[in-house]
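Look at the structure below and follow the chain from one place to the next. The text starts with one residue and its surroundings.

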Amino acid sequence: MATNLPLDAPRFNKQYQNHLKCLKLAGLQPKTIDAYSRAIRRIGGYFDYRVENLSSDQLLDYFSRLLETHSWSTVKLDLYGLKFFHTHILKKGWQDIPLVKKPKATRIPDIITTHQINELLAATKVLSYKVFFYTIYSMGLRLSEGINLKVGDIDSHTMRVHIRDSKGNKDRLVPLPVATLTTIKQFWSVHRHPQFIFPSRKHGAKLAHTAKVPLNRGGVQQTITKVVKQIGIKKNFLPFPASQFRHPSA
């Protein structure tokens, strides 16, 4: 990972490189590694790359200013990244910083009706996206979990799907509805990729069986946003239980 550190910060640069190594050895997800390393770059830059003896007042000032320009999520990730750096690189005991915490709020998700769900599927014209949307919503999968589904993850005997590297870097088993299995089988017979359930469409449908990567996350997000806007759903569009679905052929 490239950095833009000044030449007069060799000590910090060495610490940062060790930080990257420790993050990878800790088995963290790539997006977590990226977030924690970005946090240390940002904190280092703020304190002129002198980060070994930061006081509570200095850190309170940093996180207060960060919240003025970034989200609570960024504040949290910077705090976790600093804690990792402090513990594993500086080898110092960590004391929690008395940060102002994000106000807790309990919200009930908007309910998407069966009619709206079927509207979304009907309005999605590209087959791979149509099957993808049906699959993730019928099984309650996260976007990344659906994208990374592989042929070997589908167990038609036990009617379960093996979800790998889920949230928290954990695996889990998810019940597989009969209608979803039928839909996945029919879709796979179209492209017959030896590994991916949803191979990349970059080189067209005819060459999908040769794809080296699965569907592009950005393409999926853009498509669902476009379709939701097209059919006029104003609610937050979130994954819902399989009970809210009706198979397209029903």
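In this predicted model, T124 is in contact with Y129, K130, F133 and V227, leaving aside its neighbours within four places in sequence. T124 itself is found in the loop between helix 5 (114–123) and helix 6 (127–139). Is T124 buried or exposed? Its relative accessibility is 1%, and buried means under 20%, so T124 counts as buried. The side chain of T124 also reaches back to the backbone oxygen of L120, at 2.8 Å.

Three strands make up an open sheet, in the order 1-2-3, and their pairing is antiparallel. Strand 1 and strand 3 (172–175) are the edge strands, because each pairs on one side only. Strand 2 and strand 3 run antiparallel and are joined by 4 bridges. Across from V161 stands V174, which belongs to strand 3.

The loop between strand 1 (154–155) and strand 2 (160–163) holds M159. Is M159 buried or partly exposed? With a relative accessibility of 22%, M159 counts as partly exposed, since the cut-off for buried is under 20%.

The backbone angle phi is the last topic. Most residues other than glycine have a negative phi. M159 has a positive phi, near 55°. Phi of D48 is also positive, near 55°, and D48 is not a glycine. Where is D48 placed? D48 lies in the loop between helix 2 (30–46) and helix 3 (56–69).

How values were computed. Residues are numbered from 1 along each chain as its sequence is written. This is a predicted model: local features need pLDDT of at least 70, side-chain atom pairs count only at pLDDT 80 or more; totals for chains, interfaces and linings use all residues. Side-chain values use heavy atoms; hydrogens and water are left out. Helices (H or I, at least four residues) and strands (E, at least two) are DSSP runs, numbered from the N terminus. Buried means under 20% relative accessible area, exposed over 50%, partly exposed in between (1.4 Å probe, protein chains only). Two strands pair if DSSP finds at least two bridges between them. A polar contact is a pair of N or O atoms within 3.5 Å; within protein, one must be able to donate a hydrogen and the other to accept it, and residues adjacent in sequence count only if both atoms are side-chain atoms. Contact means heavy atoms within 4.5 Å.
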